[in-house]
Amino acid sequence: MRIVVVGAGVVGFHLAEKLSDDHHKITIIDSNSELIQRIDERLNVQAILGNAASPRVLRKAKIGAADLVIAVTDRDETNITVSLLAKHLGAKKIVVRLRNAELSADKELMELYGAQATVNPVTVTAEKIQRLIHNPGSFDVSSFADGKLDLWGYEISKGSPLDGVILKDLKKRFDKLPGLIVAIFRDGEQSIARGDDDLRAEDHIYVLMPEEELKNFRKFVHPESERVEKVVIAGATRLGLEVARRVEQNPQKVRSLIVVEKDRARAEKAAEELNKALVLHGSVTDTSFVSENEIADADYFLSLESDDAENLTNAMLIKKQGVRRVLVRSENDQFLPVFQQTNFGEVVNPRRVTVSDILRVIRRGGVVAVSQVGALGAEAREYEVTESQAVCGKKISDLNLPQDSIIGAIRRTDENGGVEIFTAVGDTKILADDHVIIFALPAAVSEIEKVFTRRRGFLR
Amino acid sequence: MRVRSLFAILGLLLLVLSGIMLIPLGVSWFMGSTEDYPAFLSSIAITFTVGAVFWILNLNNLKDIRVREAFTVVGLSRGMVSFFGALPFWLSPSGIPNLLDAYFETMSGFTTTGATILKDVEVLSPGLLFWRSLTQWLGGMGFVLLTLAVMPLLGSGGVHMYRAEIPGPTKEKLTPRVTQTALYLWGLYLLFTVLEILMLMPAIGWFDAITHSLSTLSTGGFSTKNASIAAFDSAYVDAVVTVFMLLASINFVLHYRFLFQFQTKSFFDGECRFFIGVALTSMLFITAVLTFVTAYPAKSQHPEIYSGLGECFRVASFQVATLFSGCGFVTADFDHWPNICRVLLAVLMMIGGCAGSTTGGVKVVRFLTLMKFSLREIALLIRPQAVISLKLNGNNIEREVVSRVLGFLALWLLLFLLSVALMSFITDPGWSSVSGSLDPVEASKVSGAQEDDHLVTAFGATLATLTNVGPGFGGVGPMENYADIPAAGKVLLILLMLLGRLEIYAVLVIFLPFTWRR
């Protein structure tokens, strides 16, 4: 496929990287010469320097012959202009990133400027955070198979019946336990869940299960009715406001929602936009402010400022004050080593969430979704299998998958269009149009990539 | 100040007024009361001549209207229109012989107050009674606004006048063009009036139906009967009038949106909800108190006794509606109700109806803003770092609007307190007997009030005129009238009616030298 990516920021870069690995022909456009140079050096793509909102530059990128245009510059206006021009010049399919929810949610508008899909990083990230807030014990979630299947990260609580159970006995002892446990993280070590492993309290486990089963699962992993009653959000950023708005609207009562913002004007804007939240003007790095406003009582603390370093500082300070659950937003990977310390808290990277969302929207052969799992580099991926791929028609046991990976589930569409999601076993044969959801530890990621992108050879 | 353009508009308004005066003349002719002909004909002639002179001399300056001219016109015109409107009362043999009294009565009409100096209303001829109610109807939606609607001659000056005349802290236009907005508002006003006339007609006949509808929708309160609505002694009439008084207290822009644009949800906005909520609560509360008083008559000092719960609710709901809306019809002597009810009613009078309606008082939206502001102050004491925005209908109330509202309330209160002081001085029995004017002591004795009640009277009269309600407490209570107030007091009350109706500022600008400087 010929793909033109407009905007070489973090999202653009990651997209270009992922898609180029899938053997697509990528052209990337940006007006920043440094970014273009960096991409030119590192990726096997065509990089063009210039203003993307100009038809001349777009023609140079042969946008008319593109099968897909992805507009991910920083500005909504530019992305819309690119979409309009690309449609006019003959691009087949267009995906745009829009931060303004009024623009991104309107299907008619989307048709008007010619896009087939919009991705709103604020909305998708806020949705993810919202699910974490409302599910005590969970620390990570990502969706696969069109949102029908979720990969949840859960902490096994102290009173959980799962404590001390060997995995292969799990189905015998708890026949109502849904889902498939794919990985166990313990003491900074991560391993794929195998039959002989046991579960212990305070383990972080990853489990794949259909969306509607979550309720049943929660009883087992987190039986005590811990309630999230007080939520504190630092940073009235666009994301911070969106999360606050969602918490306000959710019928599950969060009794006290506090938004802390250090800029007076932004705090006032937040107070205008939110209805129930208490907006405070101040900074969580100020200890007297924290104690006076009882911020350390929070059940959940979210640092959603736009600056990674600030989020890190906030989270560390608040954690020291005794808040158990902390979530930070981090756009770049510079602080990964810090987050890799165990039990630091949850990290949400809006850029990665966006990349994953855009990949899901594209969905044509190869990788459909990628989710960073934890901070240690593990990934969950969803691949769509086509006739031309080497894995097509093979049994799973014949695939020679690396040790550190596991096929979690397969989503299969039958002739009548019915969709079935099931847990894969060794005998399962992979068919064309299947979606395969794989969980891989860092060591296995590149190997998996190879297995699933290998073409069917002549010598097979 | 462009005095010539000022006179041009005033002339225009007088021409319109002289045209409108043909209506009561027609009523006189229809009812066969020939003795009114000379009064009406000469009034029309005088008004028309003066108007025509003003108009023709300054014709070319009509479009030169800026904000200050607009404000001055709105303030001056009510005073002037009331003067020319008073002529029929003064000139008619069955009317009001004292010019000040006639002026008071007409001002009370055009400001939709409903305070009367007539001890016996029923002696007035039908034409005058009709004119009396019509002045209220004209004043309700604003005479200037009517002129804007029917004579769109003013260009952009109309926008300023619209702003000066419509009550409330923020002014919303229905349509981009002010003349069209004025037309829609007046059309809606007329529609409601016709509706009420049709509902009242079967019960009380066309003449009373029309006159009472005119003073209901304008929340004026002039009646053709001495006993006001109580004269009809009909629960049906009470109910119809109650509903229309409440309707007239709600923002007409909301009515328009509800009826013609089907915006049902936005009808019950924060202000409207608060108004309806307070009205219903007060009705139930007073019903409960009256029921209690009725059940244990021996324990209470209050002579007003009603038979049963239904009767209590009927009088309570009517009195709440009439005082909250600033209408001023009466069906019961609320001045002799238990004190808790009197105080509650006084508070309702102060608050008044919604912005953009025909009511008086400080308006619900201002009161709401004040409450929200005070709550925020309290919250900020406890949490100094909190940032709290004042919201109405989910929208932020802008800082300037808040300070404007607070400024208005402070000024209103100051004006009120000063006027009570001045009024109690004027009506002081000792002082009055020295000055040799009408003796309120004598008057109080006649009305059965206590001698030291003059402070209550001063309070009641000031409140009832500044809020454009009409009936007050004490010597000007629901069963009394303003006839025995000394002349100086009447002048003060006339001014208060004007200040209340135009929300102070439009009147005060007239007295500021700053306004008249070139």
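Predicted model: local features only at pLDDT ≥ 70, side-chain atom pairs only at ≥ 80, totals over all residues.
The strands concerned are β13(A), residues 256–261, and β14(A), which run parallel and are joined by 4 bridges.

A:Val279 also leads across to the other chain, for in β1(B) its bridge partner is B:Val387. Here strand β14 of chain A, residues 278–281, pairs with strand β1 of chain B, residues 386–387, in the antiparallel sense and over 2 bridges. Both pairings belong to an open sheet of 7 strands with mixed pairing, in the order β17(A)-β16(A)-β15(A)-β12(A)-β13(A)-β14(A)-β1(B). Its edge strands, each of which pairs on one side only, are β17 (346–348) of chain A and β1 of chain B.

Helices of chain A lie across this sheet. Helix α10(A), residues 238–249, lies across β12, β13, β15 and β16 of chain A and runs at about 170 degrees to β13(A), while helix α13(A), residues 308–320, lies across β12, β15 and β16 of chain A and runs at about 175 degrees to β16(A).

Taken as a whole, the contact between the chains involves 7 residues of chain B and 11 residues of chain A; on the chain B side, these divide into 3 nonpolar, 3 polar and 1 charged.

Within chain B, the axes of helix α18 (residues 399–426) and helix α22 (residues 487–501) come within 10 Å and cross at roughly 165 degrees, and α18(B) and α22(B) are therefore roughly antiparallel to each other. Among the residues making this contact are B:Leu415 and B:Leu422 of α18(B), and B:Leu492 and B:Leu496 of α22(B); by class, the contact has 8 nonpolar, 2 polar and no charged residues.

Technical notes: Residues numbered from 1 in each chain as written. Chains lettered and ligands numbered in written order. Axes fitted to C-alpha atoms, helices over the stretch in contact; angles between N-to-C directions. Parallel < 35°, antiparallel > 145°, perpendicular 65-115°, else oblique. Contact = placed C-beta atoms within 7 Å. Nonpolar A, V, L, I, M, F, W, Y, C, P; charged D, E, K, R; others polar. Pairing = 2+ DSSP bridges.
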